[in-house]
Amino acid sequence: MAVETGTYRVKCGLAQMLKGGVIMDVVTPEQAKIAEAAGACAVMALERVPADIRAAGGVARMADPERILKIMDAVSIPVMAKCRIGHIVEAQILEAIGVDFVDESEVLTPADEAHHINKWQFKVPFVCGARDLGEALRRIGEGAAMIRTKGEAGTGNVVEAVRHMRAIMDGIRRLQNMPEEELMAEAKALGAPYELVKETARLGRLPVVNFAAGGIATPADAALMMLLGADGVFVGSGIFKSEDPERRAAAIVKAVTYYRDPAVLAEVSRGLGEPMRGIDLRTLTPEERLAVRGW
Amino acid sequence: MARIGVLALQGDFLEHENVLTRLGQQAVEVRRPQDLLDLDGLIMPGGESTTFCRLMADFGLYEPLRDLLSQGFPVWGTCAGMIVLARQALDLPFPTLGALDIVVDRNAYGRQVDSFEAELSVPTLGEEPLRAVFIRAPVVVSVGEGVEVLARLPEGPDVPPAGAGTAVAVRQGHVLATAFHPELTDDARLHLYFLDMVAARQARPV
């Protein structure tokens, strides 16, 4: 029997299994266990959550493999980890230790300002951030098996995630309304591979799973992103920078499953304690914005 | 046309719905106990079993599902769905539905880089092999006497050792389970097989 590992179908397949779920940033095995018990469908193992990366400044790199391995030991759900944009070797290290998904992430300091990783060369699947349809399709063209909005990580402010999800969905709706002969010019305008533009127009959605990320802090934020068309959500600093992470984590999981049910959303939003404080994006300097990293 | 519920708490429920719709059946998303009314069968999709169980507990789905299963209601679980249907799931910090006399070891193949696809022989579906996609799949480590094994992974140098020779598609009366994901391919034979199970129950005199 010919057994094939690391095929694109197998890589995209894991992303499909994560749909309708919440992927939570964690920095310790204890946090990972809290996330799993709350119903997270995966965790993102990090050295610091994005809010602390912002506060710390300096160069943000891949987490210590030792920390990631301890988190992998602690839970049975998939474990993701971040590498820097364009840092081929960090990605190889993450694949070698057996993480289930690599996030080539703008939250870390880019290693390459011109090129992203050629993700076709890996057996481990990759998720990448995007601000619009062109960026999403460029990453898929490089082999990403999953897309997420960039949003603005570590701010607890959902406005950029909303902007990016609307931009992606709007781009898809435009394609759907175009006669086929206009798709080549649109591919040129988007800076996206023509074949993927055609595929997206045919499907009426991205060819891979598309999550929301970057600034989601409350159950209502998570449900809003689902309503806008996300297949699921990442929650970074929003859980473990809040007053009661256990309750907030469980509430956000429920909000993603029952996002069309305001009665459930009202119930799970009650008495959660203080959310993370959050940042008004107008107070950030251009250099402090993470979403502009990558292209 | 049958009304088939698809457990829609988390996971790839839409992929199952799309196959059912393509086959001319009505797919109904199940998130609450009341969604289980007037269904002819239920599919439990792939996803994370811990997430399924947490939400099944919080939204009161365990008891109605156990009641339906005890009445011969046709249910098919793929991957995470298989785990939840099993008599026992090793390392799962939640109870299972115990509707299928198998013991499963979650993630026994290893991590995602060990996930695989292969041509699988399923004799009951005919000679043409089935493309089977295993994503962080459970391994069936023990099968009870009343359980029919529809497909096994062969032994062989290519086959992941944890799964060599183990059952990957099983049926016990009205309960079907597969460790792999037919909903990720265009081959709808297992969906048709399940719809036959549903039709057979409907034809049965009450």
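**Ground rules.** I number residues from 1 along each chain as its sequence is written, and chains are lettered from A, ligands numbered from 1, in the order in which they are written. In this predicted model local features need pLDDT of at least 70, side-chain atom pairs count only at pLDDT 80 or more, totals for chains, interfaces and linings use all residues, and side-chain values use heavy atoms, with hydrogens and water left out.

**Entry 1, cavities.** I worked on a 1 Å grid over the protein atoms alone, where a cavity is a set of points that a 1.4 Å probe fits but cannot get out of, a pocket is an open set with protein on both sides within 12 Å along at least five of seven lines, and lining residues have an atom within 4 Å of a point. Grid points are joined across faces, edges and corners, and a volume is the space filled by probe spheres set on the points. My search of the whole structure turned up 3 cavities of 30 Å³ or more. The largest cavity has a volume of about 190 Å³. It has 23 lining residues, with A:Asp25, A:Ala153, A:Ala213, A:Gly214 and A:Gly236 nearest its centre.

The second largest cavity comes to about 120 Å³. Among its 13 lining residues, B:Gly47, B:Glu48, B:Cys79, B:Asn107 and B:Arg136 lie nearest the centre. Two or more lining residues come from each of helix H1 (8–18) of chain A and helix H4 (80–85) of chain B; helices (H or I, at least four residues) and strands (E, at least two) are DSSP runs, numbered from the N terminus.

Next I looked up the largest pocket, at about 870 Å³. Of its 25 lining residues, A:Gln16, A:Leu203, A:Pro207, B:Glu15 and B:Leu184 are closest to the centre. H1(B) gives the largest share of this lining, 5 residues.

The second largest pocket has about 290 Å³. I found 18 residues lining it, with A:Met226, A:Ala230, A:Tyr259, B:Phe13 and B:Leu14 nearest its centre. Helix H12 (245–257) of chain A and H1 of chain B each supply at least two of its lining residues.

I count 5 helices and 12 strands in chain B. Its C-alpha trace spans about 50 × 40 × 30 Å along the principal axes. Of its 206 residues, 60% are buried, meaning under 20% relative accessible area (1.4 Å probe, protein chains only).

Conventions. Buried < 20%, exposed > 50% of the residue type's maximum accessible area, 1.4 Å probe, protein only.
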